[in-house]
Amino acid sequence: MTDSIKHSPNSPILLTASLHVDDARKAISGLVNELLQESRKLNKASDIESVTLDQAINRILAKDLLSPIDVPAADNSAMDGFAFHGDCLGNSETIVTLKIVGTAYAGKPYEGAIGSGECLKIMTGALMPNDCDTVIPQEFTESANESVVEFKQNQVRRGDNRRLRGEDLQSGKAAITAGRLLRPSDLGLAASLGIANLTVHRKLKVAILSSGDELRPLEQALDAGSIYDSNRYSLTGLLNRLNVEIVDCGIVRDDPTSLKAAFVDAASKADVLISSGGVSVGEADFTKQIMQELGDVGFWKIAMRPGRPMAFGMLKQVEGSSHKTLFFGLPGNPVAVMVTFYQFVRSALLQLNGASQTEPPMTQAIAKAPIRKKPGRTEFQRAIVGRGPDGKPTVKLTGSQGAGILRSMSEANCFVILSHDHGNVAAGEWVDVALFDGLL
Ligand code: AMP
Ligand code: MG
């Protein structure tokens, strides 16, 4: 962390210069960690709950999920083919001829014995008979009639195409570790073990509010100079992806009394408050004044684009409430809201909710055209990842990149992230890319 920020529970996060994105992230993570330590000391049972699998998507697993069984529970076939004893295999092209003595289906094992020179027709997932250790796939075999099968000795090796008991998972071992953000595959995995409920961290309560005299709710007609409040809707969408409980505190006017009342109300109801607007140069002093009374909040100028101004800190425990509230004062510009959420808020919420992996995955793609970039700030440009004629991933910016132009975001499927020291990007250069959606 640079000297420009300091934080302790009793002194606000101070800022004297433009803050590197990485330092902002460290400061946020440090404060979230303090909050976690405090809440761990309290060790409340209400912080975890048991949910059914259909409710568990995007929740955070609170305890290691131990497998009650071996997976697979018994040796079985990985292919449709013929099971036999591998004694007859070798390195030559000599033809092996085996007599088919029966058939085993998934869920319908073959009960009889299989001797030397014999084999069992077997379907994928069917139990391997004790006498067999190898499966020759159907497509490698030839046969003149229904009762024998022929293949070359060197077509398979002994033990091939057989799934061993406990190969995926052994009984008593962790199938999913605590801290996992539960994805569809985790729900399937739990179900495959016969587990119908998962112990997860309770949902975070996240309050959102929009501040600005110019903002109107969607039900109201626009008068001169007013605009619709869009930020609460993009924030709601972003938060729904994290399966948190949203407390919508609406639109708040730019006057100290209403703003203060709204912050106090939100803090009493939520673990985290996310506001947008009111932190840019013209308005920050006004918000700062209120924050001085309500908590320990720093006003940051972050070296990034979009999203330069941001307030962050902790709201004091309000009377009657049992918790402190983490506060993010995001800039008002609609794109800046989404970028700062992606860059700072998402990881903080995951960390606060016990997730072990909080960083969104990054990849790289080739810039299709030059991109202008000034060194000295991290830039998040909206773009579309595609595929070039050679099959390599390419990336192209989506139109005008102004911080208020939400369409650039709506049409994009990724951010191109240009690091602090990076200068102009030439066409053909590999750049860092963060996809908006993970498929799985
Ligand atoms: P501010 O950070 O309050 O100075 O706002 C920056 C810009 O974002 C201004 O043009 C605002 O009108 C706009 N803005 C602020 N809040 C919202 C909102 N909730 N929805 C849409 N635009 C907003
Ligand atoms: Mg404003």
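Trainee: What makes the strand order S15-S12-S16-S20-S19-S17 an open sheet?

Mentor: This is a predicted model, and in it six strands line up in that order, with mixed pairing. The edge strands are S15 and S17 (295–301), each pairing on one side only. From one strand to the next, the twist averages 15°.

Trainee: How do you know that S17 and S19 pair?

Mentor: Two strands count as paired at two bridges or more. S17 and S19 (residues 309–315) are joined by seven bridges, so they qualify, and they run antiparallel. One of the bridge partners to look at is Gly313 in S19, which goes with Val297.

Trainee: And what lies across S17, S19 and S20?

Mentor: Helix H1 (residues 21–42) does, running at about 15° to S19. H5 lies across those strands too, at about 155° to S17.

Trainee: Why are the buried residues of H3 said to be on the same side?

Mentor: In H3 (residues 231–240), the buried ones are Asn231, Arg232, Ser234, Leu235 and Leu239. They cover an arc of only 165° around the axis, and that is why they share a side of H3. Their packing partners are strands S12 (205–211), S15 (245–252), S16 (272–276) and S20 (325–330), plus helix H6 (334–352).

Notes
Residues numbered from 1 in each chain as written. Chains lettered and ligands numbered in written order. Predicted model: local features only at pLDDT ≥ 70, side-chain atom pairs only at ≥ 80, totals over all residues. Heavy atoms only, no water. Buried < 20%, exposed > 50% of the residue type's maximum accessible area, 1.4 Å probe, protein only. Helix = DSSP H or I, 4+ residues; strand = E, 2+ residues; numbered from the N terminus. Arc of directions from axis to C-beta. Contact = heavy atoms within 4.5 Å. Axes fitted to C-alpha atoms, helices over the stretch in contact; angles between N-to-C directions.
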